[in-house]
Amino acid sequence: MREEHPGTIEATFGLIGSERLTCTIAGLEGGRSRVTIETRRGAQAGSPAASPYVKALADYLAG
């Protein structure tokens with residue numbers, strides 16, 4: 001269980017192919033926020049390609 005952090009929102013989503021996406025939004029000074037996007041996947045042979053879900057979410061939030 002994670003420790004609660006005031007001023008922080010965290011959400012985890014289950015996606016296609018056993019991928020889990022976690023997005024954390026933390027309030028900063030001056031009305032700004034820091035967003036962290038993480039992905040976790042099941043074991044795979046080789047080096048997996050970058051997650052299109054992370055890019056899509058980051059592009060949407062930056063847009």
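My entries below go from the ground rules to the sheet, the helix and the salt bridges.

**Ground rules**

I am reading a predicted model, in which local features need pLDDT of at least 70, side-chain atom pairs count only at pLDDT 80 or more, and totals for chains, interfaces and linings use all residues. I number residues from 1 along each chain as its sequence is written, and side-chain values use heavy atoms, with hydrogens and water left out.

**Entry: the sheet**

I looked up the strand order and found an open sheet of three strands, E1-E2-E3, with antiparallel pairing. Strands (E, at least two residues) and helices (H or I, at least four) are DSSP runs numbered from the N terminus, and two strands pair if DSSP finds at least two bridges between them. E1 and E3 are the edge strands with a single partner each, so one side of each has no neighbour in the sheet. From one strand to the next, the twist averages 10°; axes here are lines fitted to C-alpha atoms, for helices over the stretch in contact, and angles between N-to-C directions run from 0 to 180 degrees.

**Entry: E1 with E2**

How many bridges join E1 to E2? I find seven, between residues 8-14 and residues 20-27, with the strands antiparallel.

**Entry: E2 with E3**

This antiparallel pair is held over eight bridges. Arg-20 turns up again here, standing opposite Arg-40 in E3. E2 and E3 form a hairpin with five residues between them, where Gly-30 in the turn has a positive phi of about 75°.

I then checked where H1 sits. H1 packs on the sheet and touches E2 and E3, its direction making about 165° with that of E3; contact means heavy atoms within 4.5 Å.

**Entry: salt bridges**

How many salt bridges does a search of the whole structure find? The search gives two, counting a side-chain nitrogen of Lys or Arg within 4 Å of a carboxyl oxygen of Asp or Glu.

One joins the side chains of Arg-41 and Glu-19 at 3.6 Å, N to O. This pair links distant parts of the chain, 22 residues apart: Arg-41 is in the loop between E3 (33-40) and H1 (52-62), and Glu-19 is in the loop between E1 and E2. Is Glu-19 buried or exposed? I have Glu-19 as buried, at 5% relative accessible area, and Arg-41 as partly exposed, at 28%. My cut-offs are under 20% for buried, over 50% for exposed and partly exposed in between, with a 1.4 Å probe and protein chains only.

The side chains of Lys-55 and Asp-59 also meet in a salt bridge, at 2.7 Å, N to O. Lys-55 and Asp-59 are four residues apart in H1, so about one helical turn separates them. Lys-55 is exposed at 53%, while Asp-59 is partly exposed at 43%.
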